[in-house]
Amino acid sequence: MQNRFGKLYVLGIALLLMLPFIVVAGVSFNEKKRLYFPPRGFTLDWYKDVLSNSEWLGPIGTSLTVAAIATFVAVCIALPISFMMWRHGVLFAKALFGLGLVPFMLPPVTSALGFLIFWSEIGGYGSFWATTISHSVFLVTIPLMMISLGLETIDEAYLDAASSLGASEAEIFRTVILPLILPFVFGASAFCFVLSMNEYIIAFMVAGFTVETLPIKVVNSLRYGYSPAMAAVSVFVVLAAAGLFLTVARFGDLLRMVGALDKPD
Amino acid sequence: MTVQDTTIPRPLPRFRGVDHKTLILIPPGIMLLIFFLCPFLIMGAVSFYYRVPDGFYEPDFVLTNYAAFFDPVFLTALGRSLTLCAVISVVCVSLAMPFTYLVSQMRRGIQVPIVILLLCILTLSEVILGFSWTILLSRTAGASNVLVWLGILDRPISYYPSRVAIMIAMLHFCFPFAVLTIYPPISRFDRSLPEAAATLGAGPIRAFFTVVIPALRGTIISALVLVFVFALGAYLFPQMLGRPADWTLSVLITDQAIYKSNIPFAAAMSVFLCIICFALILGVGKLTKKTEG
Amino acid sequence: MTTLTLEHVWKRFGSFEALKDVNLNLPSGKMITFLGPSGSGKSTLFRLVAGLDDASEGNIRFDGEDVTRHPAHKRNVGMVFQNYALFPHLNVWENISYGLKLQKRPKAERRARAEELLELIKLPHIADRSIKQLSGGQQQRVSIARALAKEPRLFLLDEPLSALDAKLREHMQTELCDLQQTLGITTIVVTHDQREAMTMSDVVVVIDQGEIQQVGSPLEIYREPATAFVADFVGSSTLLEGIARSDGTFEFNGQSLKVTMPDWVSRDLTPGLLCLRPEQLRLAQQSAQTQNTIDVDVSLIRDLGSEIEVQARAGAYEFLVKETSGQPLGYGVGDKMRLQIPETAHLIRA
């Protein structure tokens, strides 16, 4: 199927997938506070507006903090589990791995409701930590899967070699395993970070009225009418995501990270 | 007995045991058990609690929350959700199969940007995507302007709220998920099969349908189920692009929990949804294991 | 210079016995090969020596020192792996000096040692290359340099040449031998290739089904195989089943063949296997008056240029004869001939 028709098909779908972003980027340049496409007039004021207005900067800051902490915690949970499962085949690690995959097997609404009930029972409802910890356990699937993929690419002979050269278990981990899975850890972190930045329903149900993350802010302001500023925010978010994934692809094998087999060009 | 004791050599005690190392699993174990397993267990319990009218809930064991499923509002929402997600799943996988197959044959320099595009859409969540689609389907900035310009329409119109709008947005959202689900097995797919078909006289398209698709049957079935479950999670699109009559199960759950303060009923629906998803995913896991050995 | 001693070493995986009561005493400063087919236990034995696996029972000693309970990183052995196992995240010199870095030696010293080893393996000037830029042969040498960096007590190589192409393999064989002789380090090579074992080693340890079959010089292994397995695995041979008599004859198929009796034939009617190597055998015409012969039918003749391989049959036995005289054979396929059995043929305990 690698013919002209095939290429056209791929190109067509890729364009359709990008279409909403093109339009959103377009309307963000409108001069007046109306959303036209193609834009009428051209201005970058909406971007300046977003970057100087605390109405937007507040939620952006909240989201960045939540995402950074949640990502860090998720990776810290996932790394020992994946490692113990891979290196020592510990049964408890396998069980935790299975548990960690559950969030992505279920509609997020169910997890969100679970978190809502849990946090109101133990008294953390509406707090910053309720949002952050909920995000970290919800997103743990990503580092679990990606770090495990990374570990599987490590040839066991590397470990034997390090061992014969005088490295203890801890030194093997520090000098061989960690450097080799670092791209995967980085990739998983980027993925987690962007997902947390954009996550709406859990943040909304756990602390939606007190901890205003960026997605909550966007949805709330949609109720009061549209403005090109929201398009500008969206453009920022899309660019941030694309930039992060590009960086990941530069430093690691992105195709391998999403589970594809490595093929030489 | 005593003879055995002397003849069976005593194994050396392990000096490279892993026991003390498993301690490192305690912190992540605690995190997952407390902050993930507990919420689900409590939610399960709450689904049997008694709802105090106009208030919260109190511990009890009643089945009224589950009995409320027979409410026609719930049943129609359920039926609508399942049909919508089934359609989305079938369309997504049908489009994604040839797309992924073609992409996986392309140069790395093309594959990487496409994967980045897919990851962006997948991670952007419904907020930004929903917002984008409301613009794209709107009267002032939407696709209808193009149709006017082409002379097909007299004046621009808005395409939402409507069920078609929900479907378009959900297709856009679920397509990357479908591709990334089938990408790993397709990239491992043995290329010599279609090549063998080509030597036997099958054209590329024919080889795709007669060799590639049947060989990846298990992948397709599991992709259908995974995309279906993924689509069931859509929550904002039905609200942003549809009318209350188009709301799906996910929306009903939040509606009950947040705005109607009926948490036990929301929990019951949520448990029900979990069971459906678990059953589907475990079922298809068994099925594909059986067919693919 | 280290002697390696194994005493009653067993290795079990569940109920499977990978190694059964292995006893070995290997001399220091020699080139030693562990030879055996895949699944024979040679790699298991090798991993036990390296400390990568634990013995189920028994002791392993380096120079008499019991190292059984020392894990690999405390044994100071240098290993070369089948696929080289060079760390992909380190460049050439960082790979070579990895072990020294763990010992926290200063960078200048590590660098100097790496340069010195690169000289030794005849690859100067590649210190800063990445592993991906190296050819298979270069990777092989770098992994040798890495293994030698810490002046290990034992130098262990696991099928080191199997990933190289035939020409490079022969070249590396000689180079490895030279290197071993220069350094005088006790070296163990695991291989399944009997030619490699024969050409490279001072001592060959033949292993099959978890048991040591024979330990000896290549020539001993070839000329005087201790078991039927060794005779069959090392070189080609025909084994005649029969009975050794105290009068110095070997009874086979109702015929009496005169052979030199080894020491172990202590009594009359001892069952034995007569090992016949192709180059020991001659074919003679039926008319020739010869003793110690077996009547055979010529079944196949293959001219290899430098020599002619002749296959001959007698009942269920098949013999391979090598004619190297370069003169016309004087017989063809289907001819009835007499196979001459030399008195020096080796007798194996059945």
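Biologist: Why are helix 5 of chain A and helix 2 of chain B called roughly perpendicular to each other?

Modeller: Helix 5 (residues 108-122) of chain A packs against helix 2 (residues 26-46) of chain B at an angle of about 90°, with the axes 8 Å apart. Roughly perpendicular covers 65 to 115 degrees, so the two helices fall under that term. Angles run from 0 to 180 degrees between N-to-C directions, and axes are fitted to C-alpha atoms, for helices over the stretch in contact. Helices (H or I, at least four residues) and strands (E, at least two) are DSSP runs, numbered from the N terminus. This is a predicted model, in which local features need pLDDT of at least 70 and side-chain atom pairs 80 or more, while totals for chains, interfaces and linings use all residues. Residues are numbered from 1 along each chain as written, with chains lettered from A and ligands numbered from 1 in the order written.

Biologist: Which residues of the two helices meet?

Modeller: A:Leu113, A:Gly114, A:Phe115, A:Ile117, A:Phe118 and A:Glu121 of helix 5 of chain A meet B:Cys38, B:Pro39, B:Phe40, B:Ile42, B:Met43 and B:Val46 of helix 2 of chain B. Contact requires C-beta atoms, placed from the backbone, within 7 Å. The residues of this contact divide into ten nonpolar, one polar and one charged.

Biologist: What makes strand 2 and strand 5 of chain C edge strands?

Modeller: The open sheet of four strands in chain C has the order 2-1-4-5, with antiparallel pairing. Strand 2 (16-26) and strand 5 (65-66) of chain C each have a single partner strand, so one side of each lacks a neighbour in the sheet. Pairing takes at least two DSSP bridges.

Biologist: How do you know that strand 1 and strand 4 of chain C pair?

Modeller: Five bridges join strand 1 (residues 4-13) to strand 4 (residues 57-62) of chain C, running antiparallel. C:Glu7 has C:Asn59 in strand 4 of chain C as its bridge partner.

Definitions and conventions
Angles under 35 degrees count as roughly parallel, over 145 as roughly antiparallel, 65 to 115 as roughly perpendicular and the rest as oblique. Ala, Val, Leu, Ile, Met, Phe, Trp, Tyr, Cys and Pro count as nonpolar, Asp, Glu, Lys and Arg as charged, and the others, Gly among them, as polar.
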